[in-house]
Amino acid sequence: MTFRRLACALGLAATVAVGFAGPAVAITRFTLPSGRTYTAWKDVPTVTTAILVLHSYRHTDAEPITQGWLDTAARHNFLAVFPNGSGSWNAGLCCGLARDTGRDDVAYLAEVIADVRARWHPIHTYLVGWSNGGMMVERLVVERPELSNRFVVAGSAPEMPQAGAWPGRGWIYHGGRDTTVPWAGTANATWCGCVIRPGQATRTYITGAWLWAQVDPNRGHAVPPNWPEVAWGRLTSPG
């Protein structure tokens with residue numbers, strides 16, 4: 001790749017100060033050649049692991065910060081990457097404007113990962129998604145299985161247009177009292193005007209994967225306590 005092409009791939013960057021549960025930190029927003037953006041933060045000289053965290057429906061890349069992902073990134077020395085769906089992700093059957101307009105979020109996330117790899121050269125690139133963000137993670141791995149070999153999702157469902165093979169490892173968290181994205185699925189979720197497929201059907205849509213699921217009978221549509229730490233522990237577990 002020539003210098004000119006590399007520079008184009010890296011796009012533009014802007015740094016802004018963001019407050020969270022500790023001191024203010026510098027979050028950098030990167031503009032991709034497509035014109036879409038993502039934010040990222042790191043506090044380590046060498047990036048070994050990059051984790052893309054996808055937000056839920058009606059939220060943006062600011063949501064993972066409120067969930068504590070910067071604290072976890074600082075504690076475990078990884079690059080935290082926050083793609084921006086501007087309120088929704090086109091995971092197939094769901095959700096919102098992204099689905100209604102047929103926006104190509106698979107291409108966007110592939111572009112984010114290419115940019116992250118060109119800038120920081122991580123050895124590992126992992127995926128995390130909450131609700132609609134988790135649905136998008138599941139669609140991404142079946143359509144672009146080479147982009148990551150591990151994911152952790154919560155409150156999601158297999159909403160991708162069609163099944164696909166992915167030889168990776170995925171951890172699925174769900175609430176037994178979740179009425180927004182029911183574990184058993186629903187033929188008519190009024191909040192999205194869509195079908196929610198059963199969580200149990202995930203392995204029939206993501207074939208060839210090692211998938212582990214935990215359904216908390218006492219939780220509704222919410223991430224597990226200490227969500228960033230839970231996800232980090234699974235993504236980096238030896239088994």
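The chat below goes through helices, cores, disulfides and salt bridges in a predicted model.

Q: Before we start, what kind of model is this, and how are residues numbered?
A: This is a predicted model, in which local features need pLDDT of at least 70 and side-chain atom pairs count only at pLDDT 80 or more, while totals for chains, interfaces and linings use all residues. Residues are numbered from 1 along each chain as its sequence is written, and side-chain values use heavy atoms, with hydrogens and water left out.

Q: Let's start with helix 6, then: is it largely enclosed or open?
A: Helix 6 is largely enclosed by the rest of the structure, because 11 of its 12 residues are buried. Buried here means under 20% relative accessible area, exposed means over 50%, and partly exposed is in between, using a 1.4 Å probe and protein chains only. Helices are DSSP runs of H or I with at least four residues, strands are runs of E with at least two, and both are numbered from the N terminus.

Q: Which residues of helix 6 are buried?
A: Among them are Asn132, Gly133, Gly134, Met135 and Met136, as well as Glu138 and Arg139.

Q: And what span should helix 6 have?
A: The 12 residues, 132-143, should span 16 Å at 1.5 Å a residue, and the end C-alpha atoms are 17 Å apart, which agrees. The expected span is 1.5 Å times one less than the number of residues.

Q: Which residues touch the most others in the largest nonpolar core?
A: Tyr38, Phe151 and Ile206 touch the most other members of that core, which has 36 residues. A nonpolar core is a set of buried Ala, Val, Leu, Ile, Met, Phe, Trp, Tyr and Cys residues joined through side-chain atoms within 4.5 Å. The elements that give two or more residues to this core include strand 3 (37-41), helix 5 (105-120), helix 6 and strand 7 (150-154), and the largest share, 8 residues, comes from helix 5.

Q: What does Phe151 touch?
A: Not counting residues up to four places away in sequence, Phe151 touches residues including Val137, Glu138, Val141, Trp166, Trp171 and Ile206, where contact means heavy atoms within 4.5 Å. There is also a second, separate core of 22 residues, which includes Ile27, Val53, Phe82 and Val152.

Q: Back to helix 5: what caps its N-terminal end?
A: Asp104 does, with a side-chain oxygen 3.4 Å from the backbone nitrogen of Val106. After helix 5 comes His121, whose phi is positive, near 55°. The helix has 16 residues and reaches 22 Å from its first C-alpha to its last, close to the 22 Å expected at 1.5 Å a residue.

Q: Is Asp105 buried or exposed?
A: Asp105, which lies in helix 5, counts as buried at 1% relative accessibility. Leaving aside its neighbours within four places in sequence, Asp105 is in contact with Arg36, Ser88, Trp89, Asn90, Ala98 and Met136. Arg36, Arg103 and Asp105 are also linked in a network of salt bridges, a salt bridge being a side-chain nitrogen of Lys or Arg within 4 Å of a carboxyl oxygen of Asp or Glu.

Q: How many salt bridges does a search of the whole structure find?
A: The search finds 9 salt bridges, and one of them brings together the side chains of Arg75 and Glu229 at 2.3 Å, N to O. Arg75 lies in helix 3 (residues 69-76) and Glu229 in helix 8 (residues 227-235), so the pair ties together parts that are 154 residues apart in sequence. Another joins Glu146 to Arg144, with the closest N and O atoms 2.5 Å apart.

Q: Switching topic, how many disulfides does the search find?
A: It finds 2 disulfides, each a pair of cysteine sulfur atoms within 2.5 Å. Cys94 is joined to Cys95, with S to S at 1.3 Å, and Cys192 is joined to Cys194, with S to S at 2.0 Å.

Q: What about the handedness of the links?
A: The link of Cys94 and Cys95 is right-handed, with 70° about the S-S bond, whereas the link of Cys192 and Cys194 is left-handed, with -80°.

Q: Are Cys192 and Cys194 buried or exposed?
A: Cys192 is buried, with a relative accessible area of 7%, and Cys194 counts as buried at 6% relative accessibility.

Note on methods: A polar contact is a pair of N or O atoms within 3.5 Å; within protein, one must be able to donate a hydrogen and the other to accept it, and residues adjacent in sequence count only if both atoms are side-chain atoms.
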